[in-house]
Amino acid sequence: MSLELVLITGMAGSGKSVALRALEDAGYFCVDNLPPELLLDFVALEDRNQRRRVAIAMDVRTANSLPQVPAHLQELMRQGHAVRPLFLDAATDTLVRRFSETRRRHPLSASDLDGDQHRAVVEAIELERTLLADLREHAHVIDTSVLRAAQLQEYVKSLLSAPLAQMTLVFQSFSYKRGIPVDADYVFDVRMLPNPHYEPELRDLTGRDEAVVAYLQNNQEAEDMYGDICAFLDHWLEPLARNHRSYVTVAIGCTGGQHRSVYLVERLAEEFGQRWVTLKRHREIESW
């Protein structure tokens, strides 16, 4: 029998330990900071021990041997194991703030940080991005910039509930005020559509509420936008699936991330959920 391996990599300060705790809660046997040289032997050992669900976290502290990881993952898949690589990322200013708040040193920072400490942390983060670029390219990226720990844990669990054999669509609403999600494969800007925020009776509602749904469904521009996004995805999802993509994230953005983007994510998830494994996220409102 094969095992399921979740490999968590990503930027220092992006929440890898939070994600690993979520997997431990979900019943995975978890190991933090495993040296890449030990990956194949470790999986073989766990397979002999008949563990079926294993999660491993790796980070830039093992930078010299990280280039081995993509080939190791290919070998594990060739052996029949189910491999799910996840890469946690966040905006640079968010990572700098987290290091400042926790007073932790970035693992690539020099031992003595004389001079401009902010610049030293930014330079360390940019170096880390370069060192991890190949791992990021081969993984599903999760942007944790504006996620609370509980939200990240729930999102990781929802991702792993989707069957690995099929491509999973993730529809995400967001606010341009808080930045474009760095994990998006496709981004659609819907700020040109009529904004329910300016209707007093709709302002405190969301795109999930019937009154907002009715307002946007009765607008031809909103209908045209929905149809155009559907047509684009209908054309390109099959080629993406043939290219062995595990996840595709489609981000829909409006000004506040509360009305128009939420409405379209809900409607698109319902439409494409009839043909694809589909998840939805609303970054700016508390529940998904």
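**Close-up views of aromatic rings**

**View A. Arginine 191 over the ring of tyrosine 176.** In this predicted model, arginine 191 sits over the face of tyrosine 176, 3.6 Å from the ring centre.

**View B. Arginine 267 over the ring of tyrosine 226.** The face of tyrosine 226 has arginine 267 lying over it, and the distance to the ring centre is 3.8 Å.

**View C. The stacked pair of phenylalanine 29 and phenylalanine 42.** Searching the whole structure gives five aromatic pairs. In the pair shown here, the ring centres of phenylalanine 29 and phenylalanine 42 are 6.5 Å apart and the planes are at 20°, so the pair counts as stacked. The pair links distant parts of the chain, 13 residues apart: phenylalanine 29 belongs to strand 2 (residues 29-32) and phenylalanine 42 to helix 2 (residues 39-48). Phenylalanine 29 is partly exposed, with a relative accessible area of 30%, whereas phenylalanine 42 is buried, with a relative accessible area of 13%.

**View D. The tilted pair of phenylalanine 171 and phenylalanine 272.** The centres of the rings of phenylalanine 171 and phenylalanine 272 lie 6.0 Å apart; their planes are at 40°, so the pair is tilted. Phenylalanine 171 is in strand 6 (residues 168-175) and phenylalanine 272 in helix 9 (residues 260-272), and the pair links these distant parts of the chain, 101 residues apart. Both phenylalanine 171 and phenylalanine 272 are buried.

**View E. The aromatic cluster of Tyr186, Phe188 and Phe232.** One aromatic cluster is formed by Tyr186, Phe188 and Phe232.

Methods: Residues numbered from 1 in each chain as written. Predicted model: local features only at pLDDT ≥ 70, side-chain atom pairs only at ≥ 80, totals over all residues. Heavy atoms only, no water. Phe/Tyr/Trp six-rings, centres within 6.5 Å; stacked < 30°, edge-to-face > 60°. Helix = DSSP H or I, 4+ residues; strand = E, 2+ residues; numbered from the N terminus. Buried < 20%, exposed > 50% of the residue type's maximum accessible area, 1.4 Å probe, protein only. Lys NZ or Arg CZ within 6 Å of the ring centre and 35° of its normal.
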